[in-house]
Amino acid sequence: MFYSRNVVSNTLLYERPADSMDAFSQSLAEMRTAQRRFAAAGVQARVAMLAAFADRLEAEKTKLARMICEEVGRCLRECEAEMDKSVSLIRYYVKLAPQLLQHQTIATQASLSQVRFEPLGVVLAVMPWNYPVWQIIRFAVPALCSGNACLVKPAPSVARVTAALFDIVGSELPWRATWLAHEDVEYAIAKTDALAFTGSADVGRRLAGYAGSHLKKSVMELGGSNAFIVLDDADIAQAAADACYARFRDAGQSCNAGKRIILTKGIAAEFTRLFLEHCRRLTPGCPLDPDTTLAPLHRKDLQLQVHEQVQDALEHGAKLLLGGELPNEADTTFYPATVLDNITPACRMYREEVFGPAVGIFHARDAADAVRLANDNPFGLGASIYSANLDKAWELGQQIEAGSVFINRHTSSDLRLPFGGVKDSGFGRELSEFGLYEFVNVKAYWQK
């Protein structure tokens, strides 16, 4: 069953049953026919259709942002930012794709030899709940530019906003939602031509196994536990402000958030004091209220999971500096901004992703030890390094096992740069020209 509930009131907003396998098979057959026609139209025609979609999406962005706010629970301004970034991504690829998808002529002994970028066919996407428009747009738009068709299985708890998004997509583009039950995903992977997944590492392992068993290309954007390293020579005031934003934006429900604060000895006490000042100013409340700066979590089980990780850390020697208590109201999904000091390898928070508003502070002897702590984790999505010595920061960045390193800034995604990770954070890239090439057949031609 697919459903949407208001995160604050828990009222049901939308529901619909999963599709039968017959309905999926019919949708897939229609997408295959549409994909061939769409690919044959050429890249200029394809990006023109996407440009028109961007205009339609922009016209409806206020309505969709409110839907996201109600269903996911993030602050309304954060949902509005998601919509603006989604529209920008479409227009970015509309401009970029025709150039990057041009045939490349290569000098060989042939009279003509080329590399061409041709579509794989129908790409299946299994998408998460936390950014229900952005995640779909991020995967689908570059895949569509190169001539693929896209079928999207949304997370069950954001069905209403997904249905509204695909009403805007319309019928011109070969792109639609597929309302699959979880148990039918393996069958869908076998019948389509490639897989995109964003979600947890545990589910990613299972889906990557399905894709591998059927020899389907896949891109996995999985969890993250980004290190936020602050060295002795850093701008401490800026780092403390950035760390608060990096950890508690979107109520901490972002794979790319700064989740492990790693401090060297000389600045640890002062940084912690400034950081706590920022954290104490966070204002919990209704996500539709413009004064709210800390929104509720998406579901009750997610709130309880964060609390279990916090309690485990305290039981294994961590020190509670802020928060850490469940609200008295049994039906709320709020969790307070929580800061723990002295996270050790015995704590679950040392090795697990914390998907909510709790952060651990780690203490490093020096810069080299900070890198060791950053790498001593299953995940490898991103990391931040704060230092006045830029040469040293770049040198340290090359030692960090992650898909991105940000110097003197919190981690985020940029349309112009590749996004993705290593280790348990997955494989493949989205965004930039590298994301455009993930779902293409890089095909060689040789003419005598």
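This is a predicted model: local features need pLDDT of at least 70, side-chain atom pairs count only at pLDDT 80 or more; totals for chains, interfaces and linings use all residues.
Beyond the four places on either side of Leu57 in sequence, the residues in contact with Leu57 are Leu64, Met83, Ser86, Val87, Ile90, Ile137, Leu165 and Ile168.

In soluble globular proteins, nonpolar side chains tend to be buried together.

**The largest cavity**

How many cavities of 30 Å³ or more does a search of the whole structure find? There are three. The largest cavity has a volume of about 70 Å³. To centre the view on this cavity, select Arg260, Ala374, Phe379, Gly382 and Glu401, the closest to its centre of the 14 residues that line it. Show the secondary structure as well: at least two lining residues come from each of β10 (226-230), α13 (367-375), β15 (379-380) and β16 (382-386). Coloured by class, the lining of the largest cavity divides into seven nonpolar, five polar and two charged residues.

**The second largest cavity**

Move on to the second largest cavity, which holds about 60 Å³ of space. Which residues line the second largest cavity? Select Tyr93, Arg138, Phe139, Pro142, Val219, Arg429, Glu430, Leu431, Gly435, Glu438 and Phe439. Helix α5, residues 134-145, supplies three residues of this lining, the largest share. By class, the lining of the second largest cavity has six nonpolar residues, one polar residue and four charged residues.

**Glu438**

Finish on Glu438, one of the residues lining the second largest cavity. Glu438 sits in the loop that runs between α15 (432-436) and β20 (440-447). Is Glu438 buried or exposed? With a relative accessible area of 14%, Glu438 falls under the 20% cut-off and therefore counts as buried. To see what surrounds Glu438, select Lys217, Val219, Gly428 and Arg429; these are in contact with Glu438 once its neighbours within four places in sequence are left aside.

Definitions and conventions: Residues are numbered from 1 along each chain as its sequence is written. Side-chain values use heavy atoms; hydrogens and water are left out. Contact means heavy atoms within 4.5 Å. On a 1 Å grid over the protein atoms alone, a cavity is a set of points where a 1.4 Å probe fits but cannot get out, and a pocket is an open set with protein on both sides within 12 Å along at least five of seven lines; lining residues have an atom within 4 Å of a point. Grid points are joined across faces, edges and corners, and a volume is the space filled by probe spheres set on the points. Helices (H or I, at least four residues) and strands (E, at least two) are DSSP runs, numbered from the N terminus. Ala, Val, Leu, Ile, Met, Phe, Trp, Tyr, Cys and Pro count as nonpolar, Asp, Glu, Lys and Arg as charged, and the others, Gly among them, as polar. Buried means under 20% relative accessible area, exposed over 50%, partly exposed in between (1.4 Å probe, protein chains only).
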